[in-house]
Amino acid sequence: MNPKLESRRADTAPGILRLHLETPGHKVSSLRPSPTTKSLIYEQKKHVAHILGPPEVSHPVPLLLVLHQHKNSFPPCVHTELLEYNATARQGDKLWRKSAKLLQEIEFQVLSWAQMAQTHNIVIVYPFARDDTWDYITAGTREDISFIEAAINAARRTFPVDDRRIATIGISDGGSLALSLAVHNQDIFQAAISASAGFCASIPPVPHPGRTPKMFLKHGSEDETYPLRAVGLRVRDLLLRGGLEVEFRVGQGEGHSLKDFHSEFIPMWLAMGS
């Protein structure tokens with residue numbers, strides 16, 4: 001890990017990770033149905049988020065914020081433009097093939113989370129960074145975080161959400177941001193689920209005693225990107241020193257790309273109740 005980045009993350013500017021939930025009202029979100037997935041699309045200045053929910057919601061339900069890992073391809077936020085391109089492009093064109101492959105990957109991920117929303121009767125907010133990863137990680141800025149905040153509020157205006165039951169989940173960069181958001185918004189998040197995280201921002205003083213999120217962590221014993229002993233255990237210990245309740249598991253024989261960690265931890269979060 002880059003020591004300069006690690007130092008900057010430890011000295012996070014006050015408020016940069018802070019989220020603000022709107023007071024429930026009658027404001028309607030501008031959402032449109034996805035042409036290829038079972039989601040609603042929320043857009044803002046070339047940021048894109050998929051919002052997924054159960055087919056019928058008669059009472060307030062939990063909300064899960066899903067944060068993606070680093071992408072080594074087109075930034076996911078361009079998939080709206082790629083959809084338009086694919087509608088008119090000639091099959092076999094190089095850009096068509098590349099964009100079609102990316103769209104297929106995004107659609108698979110969104111459909112997987114759509115199934116998760118239906119299975120567990122929850123609302124899922126799945127935003128994309130404007131670049132390959134979150135700008136807080138690369139530049140210490142909060143453009144992506146401001147959009148995450150807007151997307152959560154758009155979901156809360158669209159579905160009845162139980163604000164006591166909001167959690168976040170991610171792997172790698174997404175896992176690092178999930179932990180960092182949770183510790184800086186302990187009055188908002190009930191839990192954070194993180195796999196293969198590389199860091200967590202420094203933990204501020206708890207503003208609301210008695211309200212601390214449960215932290216679910218998993219790290220592969222053979223992770224070469226962020227080794228277990230040098231990084232995984234260090235992140236765990238940081239959270240424990242901060243007074244947080246931590247469920248830490250080691251994926252024996254697994255590397256950086258942990259499989260099914262969400263299926264392992266999401267039911268544990270939902271079993272916590274309100």
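Predicted model: local features only at pLDDT ≥ 70, side-chain atom pairs only at ≥ 80, totals over all residues.
Residues are numbered from 1 along each chain as its sequence is written, and side-chain values use heavy atoms, without hydrogens and water. Local features need pLDDT of at least 70 and side-chain atom pairs pLDDT 80 or more, whereas totals for chains, interfaces and linings use all residues.

The largest pocket is lined by 19 residues, with Gln69, Gln109, Trp113, Ile171 and His262 nearest its centre. A pocket is here an open set of points on a 1 Å grid over the protein atoms alone, where a 1.4 Å probe fits, with protein on both sides within 12 Å along at least five of seven lines; lining residues have an atom within 4 Å of a point. Helix H3 (94–120) is among the elements that each supply at least two lining residues, and H3 gives the most, five. Helices are DSSP runs of H or I of at least four residues, and strands are runs of E of at least two, numbered from the N terminus.

The largest nonpolar core holds 48 residues, of which Tyr136, Leu177, Leu179, Leu181, Met215 and Leu239 touch the most other members. Such a core is a set of buried Ala, Val, Leu, Ile, Met, Phe, Trp, Tyr and Cys residues joined through side-chain atoms within 4.5 Å, buried meaning under 20% relative accessible area (1.4 Å probe, protein chains only). Helix H5 (residues 143–158) contributes the largest share of this core, eight residues.

Leu239 is also one of the buried residues of H7. Elements covering the buried residues of H7 include helix H6 (173–184), strand S8 (214–220) and strand S9 (246–251). Just after H7, Gly243 adopts a positive phi of about 85°.

Methods. Buried < 20%, exposed > 50% of the residue type's maximum accessible area, 1.4 Å probe, protein only. Contact = heavy atoms within 4.5 Å.
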